[in-house]
Each structure stands twice: as structure tokens, then as C-alpha cells.
Amino acid sequence: MISVGDGNTYGHPSPFVVDDLTRAGTKVLRTDQEGDIAILPGPQGPRYVARGGPLRAGES
């Protein structure tokens with residue numbers, strides 16, 4: 001899970017890191033795309049739920 005604000009000027013998350021994680025089979029969750037994210041226990045291991053939409057730059 002990557003906590004990142006939409007439209008940040010730092011370039012986070014690094015596209016290289018996201019690509020490496022994805023190629024390794026990691027499920028990448030980003031708050032700028034999913035909104036609020038919670039990781040919960042599930043019958044076959046951890047699961048996630050996303051709530052609401054992501055805030056766009058300038059929204060509050």
C-alpha cells in the first residue's frame with residue numbers, strides 16, 4: 001500500500017518501484033487511485049477494501 005497525494009510534485013511513487021513491485025507479483029494499492037484503503041484479515045489471507053474515491057489536487 002502506497003500512501004500518496006494526487007498530483008504531488010515529488011514524483012512519488014517512483015514508477016520504477018511500482019513496476020518492480022508489479023513484476024514481482026505484488027498487488028500495488030495507491031491512495032491516489034483507490035481512496036482510503038484498509039487491510040483486513042480474510043479467509044485466504046489479507047484482503048483490502050477501498051472507501052470513497054481519491055481526492056484530487058485542490059480538493060478537501
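Which residue forms a salt bridge with Asp-20?

1. Arg-23 is the partner of Asp-20, and the closest N and O atoms of this salt bridge are 2.5 Å apart. A salt bridge here is a side-chain nitrogen of Lys or Arg within 4 Å of a carboxyl oxygen of Asp or Glu.

2. On the basis of the note: this is a predicted model, in which local features need pLDDT of at least 70 and side-chain atom pairs count only at pLDDT 80 or more, while totals for chains, interfaces and linings use all residues. Residues are numbered from 1 along each chain as its sequence is written, and side-chain values use heavy atoms, with hydrogens and water left out.

3. Arg-23 and Asp-20 are separated by about one helical turn because they lie 3 residues apart in helix α1 (residues 15-23). Helices (H or I, at least four residues) and strands (E, at least two) are DSSP runs, numbered from the N terminus. Arg-23 counts as exposed at 63% relative accessibility, whereas Asp-20, at 46%, is partly exposed. Buried means under 20% relative accessible area, exposed over 50%, and partly exposed in between (1.4 Å probe, protein chains only).

4. A search of the whole structure finds 3 salt bridges. One of them joins the side chains of Arg-30 and Asp-32, at 2.6 Å from N to O. Arg-30 is buried, with a relative accessible area of 16%. Asp-32 belongs to helix α2 (residues 31-34) and is buried as well, with a value of 10%.

5. The side chains of Asp-32 and Arg-30 are also joined by a polar contact of 2.6 Å. A polar contact is a pair of N or O atoms within 3.5 Å; within protein, one must be able to donate a hydrogen and the other to accept it, and residues adjacent in sequence count only if both atoms are side-chain atoms.

6. Arg-51 and Asp-36 meet through their side chains in a salt bridge of 3.1 Å, N to O. This pair links distant parts of the chain, with Arg-51 in strand β2 (residues 47-51) and Asp-36 in strand β1, 15 residues apart. Arg-51 is exposed, at 61% relative accessible area; Asp-36 is partly exposed, at 45%.

7. Strand β1 (residues 36-40) also holds Ile-39, which counts as partly exposed at 47% relative accessibility. Together, Met-1, Ile-39 and Tyr-48 make a nonpolar surface patch of about 310 Å². Patches are made of residues with over 30% relative accessible area and no salt bridge: like charges are joined within 9 Å, nonpolar side chains (Val, Leu, Ile, Met, Phe, Trp, Tyr) within 5 Å. Accessible areas come from the Shrake-Rupley method with a 1.4 Å probe; for residues, only the protein chains shown count as cover.
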